[in-house]
Amino acid sequence: AKTLPGHGGWVWAVAFSPIDDLIVSCSDNYIIKICDVRTAKCLRTLKGYTAEVRALALSPDGQIIAAGSSDRTTRLWHLGSNQCYQVLSKNLHWVSAVAFSPDGKILASGSDRLKLWHAPSGQYLKTLDGHTSLINSIVFNRTGDLLVTGSCDNTAKLWHLESGKCLQTFQAHKNWVWAVALSPDDR
């Protein structure tokens, strides 16, 4: 077991790179750390946030980091540099969930509402309305035409990406839905 260095506050999210031995993490101290899993050394620290970094995801090709913050932004970073190349806003509350579609073309960000972006350019695409509180978790299905969200409104929702319609609401929870997942066969 190894301990990865660098965070002085809560670690909100971690993601492994799909192409090399890197792990990316974000925390309460307004930063993102990129560490080498084999050596447990911090390679880079990404700065620029004005509040906690609460969510992150790596694109399927491992080249882009998307990270959401309490400063109401989602920032896109090139993994191989310290450069933020896009700041996505349009949120009334902090961004608590982000996810890439399987092809890496769509980025979903969850805050007070679910927003979809063209990941390579950062262009805003649309908003999917339906949750009445913050979105905590997002996952795409294998083909990228559906996604599932979990929220502080005690529900999980299944969305059709192209139409933007909620196909089903799961209401069996008595408290916040912190995480959602799909089975390998998407059922």
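## A pair of partners

Let's start with two residues that sit across from each other: Lys157 has Thr169 in strand β16 as its bridge partner. The model you are looking at is a predicted one, so every value below is computed from that prediction.

Now widen the view to the strands themselves. Strand β15 covers residues 156–160 and strand β16 covers residues 166–170. The two run antiparallel, and 4 bridges join them. Between the strands of this hairpin lie 5 residues. Within the hairpin, Gly164 takes a positive phi near 80°.

Most residues other than glycine have a negative phi. With that in mind, which value does phi take in Ala40? Its phi is near 60°, which is positive although the residue is not a glycine. You can find Ala40 in the loop that lies between β3 (32–36) and β4 (41–46).

Asn154 is another residue other than glycine with a positive phi, here near 70°. Look for Asn154 in the loop between β14 (146–151) and β15.

Is Ala40 buried or exposed? Ala40 has a relative accessible area of 15%, and because buried means under 20%, this residue counts as buried. Asn154 has a relative accessibility of 23%, so it counts as partly exposed, a class that lies between the 20% and 50% cut-offs.

## The whole chain

Time to step back. How many helices and strands does the protein chain have? The count is 0 helices and 16 strands.

The chain has 187 residues, and a compact globule with that number would have a radius of gyration near 16 Å. The protein chain has 16 Å, so the value agrees with that of a compact globule. Along its principal axes, the C-alpha trace spans about 45 × 35 × 30 Å.

Of the 187 residues in the protein chain, 48% count as buried. What about contacts along the sequence? Taking contacts between residues at least 6 apart in sequence, 38% join residues at least 24 apart.

Finally, consider the charges: the protein chain has 19 positive and 15 negative ones.

How values were computed
Residues are numbered from 1 along each chain as its sequence is written. This is a predicted model: local features need pLDDT of at least 70, side-chain atom pairs count only at pLDDT 80 or more; totals for chains, interfaces and linings use all residues. Side-chain values use heavy atoms; hydrogens and water are left out. Two strands pair if DSSP finds at least two bridges between them. The radius of gyration is taken over C-alpha atoms; the globule rule is 2.2 Å times the number of residues to the power 0.38. Buried means under 20% relative accessible area, exposed over 50%, partly exposed in between (1.4 Å probe, protein chains only). Contact means heavy atoms within 4.5 Å. Lys and Arg count as positive and Asp and Glu as negative; His and the chain ends are not counted. The place of a charge is taken as NZ of Lys, CZ of Arg, CG of Asp or CD of Glu.
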